[in-house]
Amino acid sequence: MTGHHIGMSAPEVIGSGRAVLGIEFGSTNIKASLIGPNHEQLASGQHAWENQFVDRRWTYSREAIVNGLQECFANLVNECEQQYSVRPTNFASIGISAMMHGYLAFDDAGQLLVPFRTWRNTSTERAAEALSKAFEFNVPQRWSVAHYYQALLDNEEHVAEVASLNTLAGFVHQQLTGRRVLGAGDASGMFPLDSSVLGYDTKFLATFDSLAQSLGATGTLAELLPEVLPAGADAGSLTAQGALLLDPSGQLQPGAQCCPPEGDAGTGMVATNSVAPHTANVSVGTSIFSMVVLDAALREVHPEIDIVTTPTGDPVAMVHCNNGASELASWASVFGQFASALGQQASDDEVYQALLTSALDGAADGGGLVAYNYLSGEPVTGLTEGRPLLVRTPDSTLNLANFMRTQVYSMFATLSVGMKILGSEGVKIQKMFAHGGIFRTAQAAQRLLAAALNVPVSVGSTAQHGGPWGIAVLAAYRHYVGTNPTVSLAEYLNSQVFADAQLDEVSPLPQDVAGYADYLNSYRAGLAIEHAAIKAI
């Protein structure tokens, strides 16, 4: 991919089928990134969607998944035609990624047995606890195996018909290629991996099967799970049926090779060049999570910390919090509406710019305000449901700056609780890379995240492209290893992708660190209010 066609213009790259396509299914947007020979983004597409709360479960329908895929691709094609007067009809390589975890269960005919249960559900507590105890390994509520085991515990009718399990990325990839495979990072959110053999942990599989058989399960879990592949592996190619699914107009040609489908955690690691030991990144979207690549196992099992892997299968400590930037987005919408009511039209970016910049003028401890951004349950702090709250005392100082600082702090608070546990384990982080739309506003969220974690935080010029760009890079790597089979993913990222990357690093300011520590003490003390609100409302 890299270096061979640098002399070509963007229209030539796209028209000749040499561009690389990445599509990521996020929680609120499906986004596509089309990249060229130097991994620069040539075009993008997106489709907004929302999860539904049906029968007390968060879900997306199969129709919404397929329609969203097609709309997103159509928007990418339109941008190519408008910007370059060329329509892509082939690609060098394609990658699919999506929010991790959750439960997609299919019968023999490939029919979905129950609506997709997303990572956001917190209905698997009994299963997660039982499996964590049996494995002596933390199994979070989000993981596919916890959902499946909970269905067995609840004696759900559909479990007798389950012939295969998958993630959202794995499902879409299978529709495009006919291959039921999964990248290592995404697979590690279905069931624990053994990094030494890059496969599911056989000891845990045997333990699970003995537990499941006593609940009436037939067959083995290994038969239900997708095949695990490392980054760069052959994961099939776009079939004629897949091409028609992606582009119902029939103009897209089959044949593009595909990289293993990955989870959004894996694409975040790639997008921030954080796949080698001691590197770490934070991804902020609907959820917020940090990924710290380990060089040694943790001493103890911690329910707040998940052990997943990089796309190449190396162990990673993940602190995953269900609630990220959604509450902040709601407030930004309110302030945008207020501006409109005053006759002032402001774009979303302008609203965020004004609000986040004001946060830097707030008191270091938030002026006595405490915010909780819990729209859904939060296992890290033991909450089964969410109740967004703003709490203040009569003598606290309510102004825009303090309000916004506490809203930003609330995004990072649960994460910092988990990160402190990693610190107690002796895990050293030299610097943290951050990505997500919230970091488009220069320095505001970055500076406050540095204070919350007390480490320097770097944001790269590619940070705003995020996961869709990250899966496109993984697809480009798949293409590259065809002629460079010995180059590791870390080497590829360092030499081909990030060699000339522009990084903006912000170190924590002492006053911010001290103020945030005071805020976090109040935040932890106030969690009792959250528990009371869940019982009351």
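A salt bridge here is a side-chain nitrogen of Lys or Arg within 4 Å of a carboxyl oxygen of Asp or Glu. Side chains of opposite charge can pair when their charged atoms come close. Arg-299 and Glu-425 make such a bridge, with their closest N and O atoms 3.9 Å apart. Arg-299 sits in the loop between β16 and β17 and Glu-425 in the loop between α13 and β21, so the pair ties together parts that are 126 residues apart in sequence. In total, the structure holds 13 salt bridges.

The model is a predicted one, with local features needing pLDDT of at least 70 and side-chain atom pairs counting only at pLDDT 80 or more, while totals for chains, interfaces and linings use all residues. Residues are numbered from 1 along each chain as its sequence is written, and side-chain values use heavy atoms, leaving out hydrogens and water. The average pLDDT (the predictor's confidence in each residue, from 0 to 100) is 94 for the chain, and 98% of the residues score at least 70. Over residues 1-5, though, pLDDT is below 50. Where pLDDT is low, the predicted coordinates should not be read in detail.

Turning to the strands (DSSP E runs of at least two residues; helices are H or I runs of at least four, both numbered from the N terminus), seven of them form an open sheet in the order β17-β18-β16-β15-β21-β22-β23, with mixed pairing. β17 (306-309) and β23 (503-506) have a single partner strand each, so one side of each is left without a neighbour in the sheet. Val-282 stands opposite Ala-434 in β21.

Elsewhere, the axes of α3 (residues 125-135) and α4 (residues 144-153) come within 8 Å and cross at roughly 110°. These axes are lines fitted to C-alpha atoms over the stretch in contact, with angles from 0 to 180 degrees between N-to-C directions. Contact means heavy atoms within 4.5 Å, and residues making it include Leu-131 of α3 and Tyr-149 of α4.

Methods:
Pairing = 2+ DSSP bridges.
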